[in-house]
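Okay, everyone, thanks for coming. Have a look at the screen, and I'll talk you through this one.

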Amino acid sequence: MAGVWVPADGSARWFVVPHGTDQRLLVERRIQHALPAYVPGTLTRARSTLVRDPALATNTEARLV
């Protein structure tokens with residue numbers, strides 16, 4: 001990550017990255033760090049594999065863990 005630009009009204013967040021950055025790694029990093037920080041609960045609502053919330057597990061899922 002080279003930098004972040006946010007307009008004065010705070011309506012957006014632009015991430016500036018070097019040319020040639022691996023896009024897959026960039027997206028993974030945003031999912032793991034930006035979503036929880038700026039949109040709390042998103043990964044839980046989407047049932048992301050990155051979040052293990054026992055309260056959302058089915059009986060089968062809970063048994064397997």
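Let's start with confidence, using pLDDT, the predictor's own confidence in each residue, from 0 to 100. Among the elements of the chain, strand β1, residues 3–5, has the highest mean pLDDT, at 88, while helix α2, residues 42–45, has the lowest, at 69. The whole chain averages 79, and 78% of its residues reach 70 or more. Where pLDDT is low, the predicted coordinates should not be read in detail.

Quick ground rules: this is a predicted model, where local features need pLDDT of at least 70 and side-chain atom pairs count only at pLDDT 80 or more, while totals for chains, interfaces and linings use all residues. Residues are numbered from 1 along each chain as its sequence is written, and side-chain values use heavy atoms, with hydrogens and water left out.

So what's the layout? From the N terminus on, the elements go β-β-α-α-α, where helices are DSSP runs of H or I with at least four residues, strands are runs of E with at least two, and numbering starts at the N terminus.

Now find V6, in the loop between β1 and β2 (14–16). Why is V6 called partly exposed? Because its relative accessibility is 35%.

Conventions: Buried < 20%, exposed > 50% of the residue type's maximum accessible area, 1.4 Å probe, protein only.
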